[in-house]
Amino acid sequence: MQTTVWFITLVGVALLAAVFYYVISNSQTPEDYSSVQQKWYRFRHKWFYFIAIFGIVVTLATLIPFPLPSQDAAYAGEDYQVVDVSGHQWYWTMSTDTVVTGKPVAFYVTGADVNHGFGVYDENLKLVAQVQAMPGYTNKLIHIFDQPGKYRILCLEYCGLAHHAMIAELKVEAAS
Ligand SMILES: [Cu+2]
């Protein structure tokens, strides 16, 4: 499998290099577009301030409702449901695939080969929790599920050819 991926990657890189070579060898010295330049430099000045203000507004609006609960002492002393998770090229292993609502779940997440992104999605494919899955580290992610249902685990970090196929299911059952 790795050999196939390696070969496809090499062919892709060679094709890209060929395109670059074609473009460079067919390019000529640019002409001077001074009239166009003057007009667009004036526009660019205004555009800069627009982008800067827009960026600040979007950053504040999206960071204030931070989607993750506190990962520190918020649930100290609570009884966790522990799920050990490992990301592989290209599948997930989980010590259990069933948890219950209302009680904190502690995901202990690591990577077996390269970096992966552990993303938990609800039935509407809305991201509810995420953490990196890194080789050599175990990241702890605490989440309390409010709604029962079939959740999906997707990989959030591009990790190779079949990255998109890294899908696992997590069943969340209503606490009795
Ligand atoms: Cu991936």
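A residue is called buried here when its relative accessible area is under 20%, exposed when over 50%, and partly exposed in between, with a 1.4 Å probe and protein chains only. The model is predicted, so local features need pLDDT of at least 70 and side-chain atom pairs count only at pLDDT 80 or more, whereas totals for chains, interfaces and linings use all residues. Residues are numbered from 1 along each chain as its sequence is written, and side-chain values use heavy atoms, with hydrogens and water left out.

The copper ion is held by C155 (SG), E157 (O), C159 (SG) and H163 (ND1) at 2.0 to 2.4 Å; donors are N, O and S atoms within 2.8 Å of the metal (3.2 Å for Na, K and Ca), and sites may look incomplete because water is not among the atoms. Along the chain, these donors follow the spacing C-x1-E-x1-C-x3-H. The angles among the 4 donor atoms run from 87 to 126°, making the site tetrahedral (four donors, all angles between 85 and 135 degrees). Ideal angles for four tetrahedral donors are 109.5 degrees.

Turning to the overall layout, the domain assignment, automatic or from a database, gives domain 1 (2–26 + 33–63) and domain 2 (81–173). Their C-alpha centres lie 33 Å apart. V11 belongs to helix α1 (residues 2–26), a DSSP run of H or I with at least four residues, numbered from the N terminus. With 38% relative accessibility, V11 is partly exposed. V11 and E123 are separated by 112 residues in sequence and by 38 Å in space, C-alpha to C-alpha.

Notes:
Four donors count as tetrahedral if all angles lie between 85 and 135 degrees; four count as square planar and six as octahedral if opposite donors are over 155 degrees apart and all others between 65 and 115; anything else is irregular. Helices (H or I, at least four residues) and strands (E, at least two) are DSSP runs, numbered from the N terminus.
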